[in-house]
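User: I would like to learn how to read helix packing from a model. Can you take me through one, feature by feature?

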Amino acid sequence: MAAASATKAAAAEAAAPCSTTTTESTSSSSFLRARCATTRYPDVCYDSLLPYASTFQTSHVKLAVAAADVAAAHLRAFSARVKDMLLHRGGGSEEAAASSGGGAARVDAALHDCASTISAAANLAKRSSAELTRLDADTAASTETSTSGGSRQARWQLSNAKTWLSAAMTNEGTCSDGFEDAGAAATASPAGKEVAAGVASVTQHTSNALALVNGIPL
């Protein structure tokens with residue numbers, strides 16, 4: 001009888017952490033769902049950030065850090081893809097340009113500019129993540145000794161994060177504009193269509209990250 005009771009007690013003790021973990025997971029996913037509902041692309045937001053739920057749980061700032069990191073990762077991958085496209089096109093050789101009346105050269109120029117602006121956008125998203133990480137650390141350190149100076153610093157850090165994500169989105173638009181400026185043929189080219197799809201994809205992640213930063217309460 002005593003052995004049976006001990007077995008039940010041990011089983012209950014072993015199950016407790018699992019129950020706690022499940023509760024935390026449910027809380028994190030519910031929090032994420034609610035926060036993503038405030039973004040322009042809620043489904044993309046939820047699906048891309050759910051794998052990182054354990055890192056932010058119910059923290060607005062940590063969630064924004066994860067979102068900025070995800071945006072930066074997608075931007076880096078897109079920049080690498082554009083550079084690869086440019087490399088395999090031969091970088092705009094005179095021969096290719098001559099064969100298309102200069103059309104290939106315009107596409108290559110647009111790809112070159114796009115790779116540069118998207119790479120810069122990735123760096124801006126990463127800077128935003130780093131600033132939000134500092135905000136999170138500073139907020140945790142001053143929880144018990146909150147001062148107006150600390151509040152001003154937090155507002156400054158939050159402003160920086162917003163500014164850099166906004167600048168990243170501007171860069172994404174600049175990439176698209178480069179193909180439009182190159183003409184209808186460039187926009188309708190396979191490279192132009194792939195870049196348009198890529199910009200649309202990365203913009204969703206950057207837009208979501210900015211929305212989540214805007215939702216951080218101070």
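**Reading the helices**

Analyst: Start with the inventory. The protein chain has nine helices and zero strands. This is a predicted model. From the N terminus on, the order of elements is α-α-α-α-α-α-α-α-α.

User: What share of the 218 residues in the protein chain is buried?

Analyst: Buried residues account for 38% of the 218.

User: How do I read the sequence range of the contacts? Among those in the protein chain between residues at least 6 apart in sequence, what percentage join residues at least 24 apart?

Analyst: The figure is 76% for contacts in the protein chain that join residues at least 24 apart, out of those between residues at least 6 apart in sequence.

User: Now a helix pair. At what angle do α4 and α9 cross?

Analyst: Read the angle together with the distance. The axes of α4 and α9 cross at roughly 165° and come within 8 Å. That makes α4 roughly antiparallel to α9, because angles over 145 degrees count as roughly antiparallel. The crossing of α4 past α9 is left-handed.

User: Which residues of α4 and α9 meet?

Analyst: From α4, the list includes Leu63, Ala67, Ala71, Leu75, Phe78 and Met85. From α9, it includes Val195, Gly198, Val202, His205 and Leu212. By class, the contact of α4 with α9 holds 17 nonpolar, four polar and two charged residues.

User: How are α4 and α6 arranged, and how far apart are their axes?

Analyst: The axes of α4 and α6 lie 8 Å apart, and the helices pack at an angle of about 160°. So α4 is roughly antiparallel to α6. Their crossing is left-handed. The residues in the contact of α4 with α6 divide into 19 nonpolar, six polar and seven charged.

User: That leaves α6 with α9. What angle do they make?

Analyst: Helix α6 (residues 103-141) and helix α9 (residues 190-214) pack at about 15°, with axes 12 Å apart. The two are therefore roughly parallel to each other; the cut-off for that label is under 35 degrees. The crossing of α6 and α9 is left-handed.

User: Which residues make the contact between α6 and α9?

Analyst: In α6, Val107, Leu111, Cys114 and Leu132 take part; in α9, they meet Ala191, Val195 and Val213. By class, the contact of α6 with α9 has seven nonpolar residues, no polar and no charged.

User: Let me zoom in on one residue. Is isoleucine 118 buried or exposed?

Analyst: Check the relative accessible area. For isoleucine 118 it is 0%, so this residue is buried. Isoleucine 118 sits in helix α6. Now list its partners, leaving aside neighbours within four places in sequence. Isoleucine 118 is then in contact with Leu75, Phe78, Ser79, Asn171, Glu172 and Cys175. Take leucine 75: it is 43 residues from isoleucine 118 along the chain, yet their C-alpha atoms are separated by 6.3 Å.

User: Backbone angles next. What is the phi of glutamine 57?

Analyst: Glutamine 57 has a positive phi of about 50°, although it is not a glycine. Its place is the loop between α3 (53-56) and α4 (60-88). Glutamine 57 is partly exposed, with a relative accessible area of 40%.

How values were computed: Residues are numbered from 1 along each chain as its sequence is written. This is a predicted model: local features need pLDDT of at least 70, side-chain atom pairs count only at pLDDT 80 or more; totals for chains, interfaces and linings use all residues. Side-chain values use heavy atoms; hydrogens and water are left out. Axes are lines fitted to C-alpha atoms, for helices over the stretch in contact, and angles run from 0 to 180 degrees between N-to-C directions. Helices (H or I, at least four residues) and strands (E, at least two) are DSSP runs, numbered from the N terminus. Angles under 35 degrees count as roughly parallel, over 145 as roughly antiparallel, 65 to 115 as roughly perpendicular and the rest as oblique. A crossing is left-handed if the near helix is turned anticlockwise from the far one by less than a right angle, and right-handed if clockwise. Contact means heavy atoms within 4.5 Å. Ala, Val, Leu, Ile, Met, Phe, Trp, Tyr, Cys and Pro count as nonpolar, Asp, Glu, Lys and Arg as charged, and the others, Gly among them, as polar. Buried means under 20% relative accessible area, exposed over 50%, partly exposed in between (1.4 Å probe, protein chains only).
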